[in-house]
Amino acid sequence: MSSFALLTSVKAHADPLPATKTAEKNTRTVPQNSVTPTEKITVIGKLNQERGRIFPSLGAVSYGVDQRQIQATPQGQNAAFNQIMLRMPGVVLDSYGEVHVRGEHGGLTYRVNGVLLPEGLNGFGQELDTRIIDSVDLLAGTLPAQFGFRTAGIVDVKTKSGSSLKHNQLSLYGGSYNTFAPSLQLGGEKGRFEYFTTLSFNRNNIGIENPTSSFRPIHDVTEQEKGFGYFSWRLDDTSRISLLTSASYAKFELPNTPGLPQIYAVSGSSPDDKNLQSRYLNDSQTEQNYYAVLSYQHSLDKLNFQVSPFFRYGRIDYTPDPIRDLMFQGVAQHEINDFTTAGTQFDLSWEITHQHTLRAGFLGQYTAERLDTDTLLFPVDETGLQLSTVPERMIDNTGNWSAEAGAYIQDEYHITRKLTLNYGARYDRFASSFGNQGQLSPRVNIVWKPTGKTTFHIGYSRYFAPPSPQYIHPTTLARFSGTTNAPENTTDTPTRVETSHYIDAGILQHVTHDFQITIDAYSKWAHNLTDLGQFGRAVILAPFSYRRGQVYGAEFGSSWHHGPWSVFGNFSFVQTAAKNINSAEYQFAVDELAYIRRNAIQLDHQGRYTASAGASYSSKHHMAYIDFIYGNGLRSGFANLKKQPQYDVFNTGYQYTLTHTPFGYDAKFRVDIVNLFDRRYQLRDGSGVGVYQAQYGQRRGTYFSVISDF
């Protein structure tokens with residue numbers, strides 16, 4: 001076994017060589033124009049297996065979730081993708097649906113069917129759709145050299161496919177908060193061509209976390225449309241071309257907090273007008289993302305490679321409520337943030353000998369970012385006193401660019417049957433409109449399997465993580481001087497590349513055939529530690545950094561599967577420390593900057609203690625589960641000196657499968673209860689470094705779904 005893995009749903013890792021030989025034998029004995037369905041599946045399975053050889057985990061910690069676990073997650077395939085990840089060790093839930101892995105803010109790389117997804121904007125829409133997933137793995141720790149740039153974790157998704165999809169599927173889902181979410185899955189194969197597509201729509205009244213503890217948020221309707229397609233064409237038994245494409249469009253109302261005081265006077269408006277209360281604010285935001293990735297894969301006996309050009313466009317459009325925003329904030333700013341990325345990824349593996357497998361590749365991408373703002377504001381004097389009730393208008397258009405390139409080479413060296421050394425290095429370069437850096441990064445992992453049930457691993461990685469190309473130029477800050485949109489200070493250092501040393505060690509123990517546990521510990525020392533924050537009403541997360549930072553922690557995971565029963569339990573601890581904010585300083589108060597310059601603080605997204613657990617029973621007709629999430633440690637207050645209260649949430653659900661319908665296909669009827677005991681819990685109180693608004697977790701919700709094959 002060449003990787004260290006905990007699976008929250010048990011997976012079998014068989015020796016790939018016999019399967020490969022069998023596939024080669026089958027495909028050679030039958031003419032290509034008369035391939036049987038069984039042999040089609042064999043060829044596809046071989047290509048998928050060879051693609052896995054290009055991208056192995058090789059000593060990184062791997063946590064996996066399969067279809068059985070997804071069905072036992074609250075809301076099943078209708079759950080947001082972050083809820084699937086939250087059932088993995090070391091993952092912390094934050095506001096706006098964000099998840100943090102091992103104390104990192106962002107920094108996740110997403111791969112779908114072995115192909116890197118181009119990076120998008122830091123908004124809050126859940127772009128990946130759980131419906132497309134066949135299985136998902138989270139790789140963390142000391143990653144092999146093929147993984148660069150975003151190294152907090154690799155979210156590796158394997159989608160459903162036309163060859164594995166038994167039937168098309170229609171789903172109707174709805175319930176609390178006026179939720180209505182129909183979806184459609186279509187897939188199939190014809191000759192050498194296969195396809196899988198999904199279309200979904202979701203409308204509900206709790207698009208963003210409620211800023212108050214009330215059961216129903218005010219002004220929080222969302223409508224989300226998503227489409228995904230995977231198309232694959234086998235050129236022959238050793239090569240194929242595939243296309244991944246996705247489109248999503250989502251509109252969110254920004255929820256309101258009633259009873260806010262009116263701070264500024266607006267000409268022609270009366271503070272006694274009840275229609276101008278804060279509960280009637282009408283701010284909204286749309287997010288749209290589109291990407292396409294074309295891949296060519298070629299697999300010979302010992303040499304496999306894949307090349308993938310990609311393109312992505314994203315746009316966030318925040319629309320204010322001009323009069324009310326001016327009264328409560330003194331600023332009403334229309335923001336449009338565009339993001340365009342294009343690039344190419346190439347990876348290969350070459351089995352030189354039985355002991356050595358060489359891997360090499362490169363990634364290059366170019367990103368153009370643009371921020372256009374149209375702002376209404378008031379002039380103020382040196383003390384901040386409003387000078388006029390007539391707002392002024394200011395238009396500002398800026399843009400940035402960045403180019404990222406990285407190349408790697410590594411060797412998987414099987415020293416003995418029980419001991420594997422994976423070592424290599426990568427060189428990365430980042431150039432942008434505001435900076436230029438490069439670094440050579442060594443990587444090494446040792447995996448030792450003394451028995452068939454025990455696997456140890458230890459590793460070291462040097463990381464190079466460029467920031468998102470979002471930078472506000474000093475000329476823009478100067479334009480807002482003397483207005484209600486002026487920053488408290490004008491220091492504006494560009495965010496630099498985060499560089500870090502990372503070590504990780506752990507053990508996987510199969511206690512019995514059905515029961516396994518994992519224990520893992522890690523530590524990271526970073527220079528220019530990157531963080532993200534929301535600095536205004538628009539939900540666009542902007543990067544900033546600390547000169548020095550450290551993150552360390554430990555994880556425990558366990559899973560037990562026996563017949564229809566399945567149980568898992570995870571626990572994690574993380575501690576963070578960061579000192580001296582050294583970029584985008586204008587976003588922070590002067591006294592807070594001075595304190596953090598002298599004192600190390602804990603990061604706001606730390607989540608010191610987290611746990612998840614669940615139990616489920618699944619048979620041909622019945623599936624029932626109970627699920628538990630615990631969180632403790634998100635920071636708040638001046639310089640993150642305070643801590644949010646701990647919370648625990650229970651969920652439960654039941655599904656019945658009717659196998660003999662008049663149409664001849666299965667139908668599934670499901671009910672889920674989220675937050676079973678209606679626990680009121682606060683994720684954010686509106687304070688903390690880079691935190692803008694208070695937010696509460698969802699109150700109790702009951703949801704129903706009907707899923708029919710056809």
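Is F544 buried or exposed, and at what relative accessibility? F544 is buried, because its relative accessibility is 0%, and buried here means under 20% relative accessible area, with exposed over 50% and partly exposed in between (1.4 Å probe, protein chains only). This is a predicted model, in which local features need pLDDT of at least 70 and side-chain atom pairs count only at pLDDT 80 or more, while totals for chains, interfaces and linings use all residues. Residues are numbered from 1 along each chain as its sequence is written, and side-chain values use heavy atoms, with hydrogens and water left out.

Consider strand β34, which covers residues 701-709. Strands (E, at least two residues) and helices (H or I, at least four) are DSSP runs, numbered from the N terminus. In a regular strand the side chains alternate between the two faces of the sheet.

Strand β9 (residues 169-175) pairs with β34 in the antiparallel sense over seven bridges, and G174 is opposite F704. Strand β31 (residues 667-674) also pairs with β34 in the antiparallel sense, over eight bridges; here K668 has I707 as its bridge partner.

The aromatic rings come next. The whole structure contains 26 aromatic pairs, counted for rings of Phe, Tyr and Trp (its six-membered ring) with centres within 6.5 Å; planes under 30 degrees apart are stacked, over 60 edge-to-face and the rest tilted. Y264 and F378 form a stacked pair, at 6.0 Å centre to centre and 25 degrees between the planes. Y264 lies in the loop between β13 (239-253) and β14 (284-299), and F378 in the loop between β17 (356-377) and β18 (392-414), 114 residues apart. Y264 counts as buried because its relative accessibility is 19%; F378 is buried at 0%.

F544 and F588 form an edge-to-face pair, with 4.9 Å between centres and 70 degrees between the planes. F544 belongs to strand β24 (residues 541-562) and F588 to the loop between β25 (565-581) and α7 (590-598), 44 residues apart. F588 counts as buried, because its relative accessibility is 4%. Elsewhere, ring pairs join Y296, F305, F346 and F362 into a cluster.

Charges also sit over rings, the criterion being NZ of Lys or CZ of Arg within 6 Å of the ring centre and within 35 degrees of the ring normal. R279 lies over the face of Y280 at 5.9 Å from the ring centre, and the charged end of R426 sits over the ring of F149, 5.8 Å from its centre.

Technical notes: Two strands pair if DSSP finds at least two bridges between them.
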